[in-house]
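User: I would like to go through the terms used for this structure. Please set each value against its definition.

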Amino acid sequence: MTRHYLSLTEVAMKLGITKGALAQYKLPEADVTVGRARGWSEATIDEWNRNRPGRGVGGGRPRKNKSEA
């Protein structure tokens, strides 16, 4: 059975951000590497995303609530 691991591009898509923005994140250790390419299982990314600090940590302007717009 072939296993699928997420590339950086797929991780960015899953999180709804650009690949450039993803470069600013400290990602978990890759589950697999092939040459210089890294790959993560969906479970690894889901767990990491669930446990990372929430919006607003470290300053920055809070986003507008869509219901107020």
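**Helix contact and ring pair**

Analyst: Val11, Lys14 and Leu15 in α1 meet Glu42, Ile45, Asp46, Trp48 and Asn49 in α3, where contact means heavy atoms within 4.5 Å. By class, this contact has 4 nonpolar, 1 polar and 3 charged residues. The model is predicted: local features need pLDDT of at least 70, side-chain atom pairs count only at pLDDT 80 or more, and totals for chains, interfaces and linings use all residues. Residues are numbered from 1 along each chain, and side-chain values use heavy atoms, without hydrogens and water.

User: Why is the aromatic pair of Tyr25 and Trp48 called edge-to-face?

Analyst: Rings pair if their centres lie within 6.5 Å; planes under 30 degrees apart count as stacked, over 60 as edge-to-face and the rest as tilted. Tyr25 and Trp48 have 6.1 Å centre to centre and 65° between the planes, so they are an edge-to-face pair.

User: How do you know whether Trp48 is buried or exposed?

Analyst: Buried means under 20% relative accessible area, exposed over 50%, and partly exposed in between (1.4 Å probe, protein chains only). Trp48 has 15%, so Trp48 is buried. Tyr25 has 27%, so Tyr25 is partly exposed.

Technical notes:
Helices (H or I, at least four residues) and strands (E, at least two) are DSSP runs, numbered from the N terminus. Ala, Val, Leu, Ile, Met, Phe, Trp, Tyr, Cys and Pro count as nonpolar, Asp, Glu, Lys and Arg as charged, and the others, Gly among them, as polar. Rings of Phe, Tyr and Trp (its six-membered ring) pair if their centres lie within 6.5 Å; planes under 30 degrees apart count as stacked, over 60 as edge-to-face and the rest as tilted.
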